[in-house]
Amino acid sequence: MLFNLYTIIKKEQIKGTIFLDGTQLEKNRSLVKTYPEQEYELLSYQNNYQPNFLKTARSYLETTTGKKLKYCFNKTDNKKFLDWCAKEKLHSINPSLTINNNSLYDLKENLRNGLIITMNHKLLKKIPILTEYSRKKGYQLVTLETLLRE
């Protein structure tokens, strides 16, 4: 899955932030090493809160990329995860748009400046269409860091 995402990002020349949970990280360690320049952050996965797993994932991402993580991505409002993020001095991020099976419709209906978009990994093949539509409408895809700086 992550390899496919990297392939699409490179081909479409997309700047973006990839949020990884510990499970994804375990399965894709070599890819993170291959693409350390990519912006990574932590993700709470399906309300699964395991502090030791999160600490290990954070340590690995920071060591591999040489960058300090700044954000926790939590689309389920898991209080334990949010408390852990606060304790670790990481800012909590919630998506403003979740792309589902009606991906182009979801984007057309909600596209505006400043969106933080998330989508199911099964929709990766739709990224080129969504990117093309966004660019035609004058929008630019950027990393979370860039978005929050503006």
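Me: What makes the meeting of the Lys68 and Glu62 side chains a salt bridge?

Reply: A salt bridge is a side-chain nitrogen of Lys or Arg within 4 Å of a carboxyl oxygen of Asp or Glu. For Lys68 and Glu62 the N to O value is 3.9 Å, so the pair qualifies. This is a predicted model, in which local features need pLDDT of at least 70, side-chain atom pairs count only at pLDDT 80 or more, and totals for chains, interfaces and linings use all residues. Residues are numbered from 1 along each chain as its sequence is written, and side-chain values use heavy atoms, with hydrogens and water left out.

Me: Why is Lys68 called exposed?

Reply: Exposed means over 50% relative accessible area, buried under 20%, and partly exposed in between (1.4 Å probe, protein chains only). Lys68 has 64% relative accessibility, so Lys68 counts as exposed.

Me: Is Glu62 buried or exposed, and how do you know?

Reply: Glu62 has 16% relative accessibility and therefore counts as buried.

Me: Why is Lys70 called partly exposed?

Reply: Its value is 37%, so Lys70 belongs to the partly exposed class.

Me: What makes Glu88 and Arg58 a salt bridge?

Reply: Their closest N and O atoms are 2.8 Å apart, so the pair meets the cut-off already stated. Arg58 is itself buried, with a relative accessible area of 14%.

Me: Which residues do salt bridges with shared partners join into one network?

Reply: That network consists of Arg58, Glu62, Lys68 and Glu88. The structure holds six salt bridges.
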